[in-house]
Amino acid sequence: MRQKILTRYLRVDPENPQSGAIAAAAEVIRRGGTVAFPTETVYGLGANGLDPRAVVRIFEAKGRPLKNPLILHVASLEQARALVSDWPEEAEILAERFLPGPLTMILPRSPVVPDQVTAGLPNVALRYPEHPVALALIRASELPIAAPSANLSGSPSPTRAEHVAADLDGRIDLILDGGPTRVGLESTIISLCQESPLLLRPGGVTREQLEEALQRPVLVHEAVLQAALSKEIPDGAPCPGLFFKHYAPRATVIMVTGEPDEQCRKVMTYLEENPGLRVAVLGTDDTLPRYEQGRVVPAYLESLGPRERPQVIAGRFFAALRRCDQAGVAVILVETIPTSGIGLAVMNRLCRAAENRTL
Ligand code: TXA
Ligand code: MG
C-alpha cells in the first residue's frame, strides 16, 4: 500500500495571489513535491518539470499510465522557447494571438526536457496559462511546471479545489484553492509537428479561431468526436491521451442525439421504460421545464445552461458529472449540442465520458 501523505490546503486570492502562499507552494515545487493549483481551464497537479523524480510523483498520485505524457507550463515565451529545438513561425503567430491563454502547442522537444515528461516522444507539449495564480507559482519557482489535470486518472477534470481534494487528498503535498476555474474544460491542444497543424484536443481556443490566425485549415484528429476505445496505443500516435479512458464518472453516461425536441422525447421514453433505474438528466435551459413536468421525473436533474451559450455549458460540464455521481445515479443522460465553436470541446469530452454510447 502506498503511504498516505499530509495534504496542506491554502486559500489564495485568484486575482492577486498572496505572496506568502505562492512562496510556500513554490518551495514545495523546488523541493520536488506536488502542488495542485488553479489555471483558467481546470486545476493542474504540478511538479518540477525538469526533475524526473518529481514528475514521477505526479503519475503515482493520479494513478496515471507512464505512457501518457505531461504538459509543461511556462510563464513567458522566452521560457517556452528554451524547451524546444524548433520554434516555427506558426508557433510565433499562435503565441502572439492566444498566449497567455487556454492553448497548448506541441513542438519538437529540447534535450533538457526529461523523458518522463514526454513519455519518450520526440515532442513536448507547452502551455502558457493566463491565470494569475498559475503564473505567480511558475515565476516564483523559476521552473517549468509539469502539470496534468488534478484528478485521479480517468475521472472528470477538477474545476474547483473541492474536486481536487475529493480525488487527491492524502496523495499530494499542497492544494492552492483559488476558487472555480473560468473555462471549465482543458486547453486546446494543437500539434505543429506535422505538415499541417493538427487539432488533438478542442478547448477554449476554437478551431475557427486557430484557422483564422494561421490562414489555413487546421486538421482535426479523427478521435476527437469518436472516442478511441482500444486499450493499446497505436505506434506513432500523435497524442497518447486520446487512447486512455477519460472524464468518466462512476455512472454510465449516454449522450442523447437529435434536434432538441427529439432529444426530449428520447429522454422521456427512456425514463418511462426504466422506472426502477436511478437516472440523472443533464439538459439545457430550454428542455428542463419539460422534464420537470414529465410523467416520470428523473432521480437527478440539472441544466447545463442555455443551448445558445455553449461556453456556459463547457464551464459546468465536469462539475455536473461529479454532482450526478454524488446523487448516486446509475445512468446519466446528457443532451448533445452543435459542434461549432467551444461546442466541439464539450462534445469531445462527452463522447469520451460516454465511450460513444448514444440514445
Ligand atoms: O488545460 C489544460 O491543458 C490542463 C491544465 C492543468 O493546464 N492540463 C491538462 O493536462 O489537461 P492533461 O495531462 O490532463 O492532458 C494533457 C494531454 C494528454 O492527453 C496528453 O496525452 C497530451 O496532452 N500530451 C502531453 N504531452 C504530449 C506530447 N508531447 N505529444 C502529444 N500529446 C501530448
Ligand atoms: Mg486530464
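Is Glu186 buried or exposed? Glu186 counts as buried, at 4% relative accessibility. This report on a predicted model considers that residue and others that take part in salt bridges.

## The Glu186–Arg349 pair

Glu186 forms a salt bridge with Arg349, in which the closest N and O atoms lie 2.8 Å apart. The two residues come from distant parts of the chain: Glu186 belongs to the loop between S8 and strand S9 (188-191), whereas Arg349 is in helix H12 (residues 343-353), 163 residues apart. Arg349 has a relative accessibility of 0% and counts as buried, and Glu186 is likewise buried.

## The Asp177–Arg11 pair

A salt bridge also joins Asp177 to Arg11, with 3.5 Å between the closest N and O atoms. Because Asp177 is located in strand S8 (residues 174-177) and Arg11 in strand S1 (residues 8-11), the pair ties together parts that are 166 residues apart in sequence.

Asp177 is buried, its relative accessible area being 6%, whereas Arg11 is exposed, with a value of 64%.

## The Glu272–Arg295 pair

Glu272 forms a salt bridge with Arg295, and their closest N and O atoms are 3.3 Å apart. Glu272 lies in helix H9 (residues 260-273) and Arg295 in the loop between helix H10 (288-292) and strand S14 (300-303), so this contact ties together parts that are 23 residues apart in sequence.

Glu272 is partly exposed, with a relative accessible area of 35%. Arg295, at 74% relative accessibility, counts as exposed.

## Overall count

The structure holds 17 salt bridges, including Glu186 with Arg349, Asp177 with Arg11 and Glu272 with Arg295.

Methods: Residues are numbered from 1 along each chain as its sequence is written. Chains are lettered from A and ligands numbered from 1 in the order in which they are written. This is a predicted model: local features need pLDDT of at least 70, side-chain atom pairs count only at pLDDT 80 or more; totals for chains, interfaces and linings use all residues. Side-chain values use heavy atoms; hydrogens and water are left out. A salt bridge is a side-chain nitrogen of Lys or Arg within 4 Å of a carboxyl oxygen of Asp or Glu. Helices (H or I, at least four residues) and strands (E, at least two) are DSSP runs, numbered from the N terminus. Buried means under 20% relative accessible area, exposed over 50%, partly exposed in between (1.4 Å probe, protein chains only).
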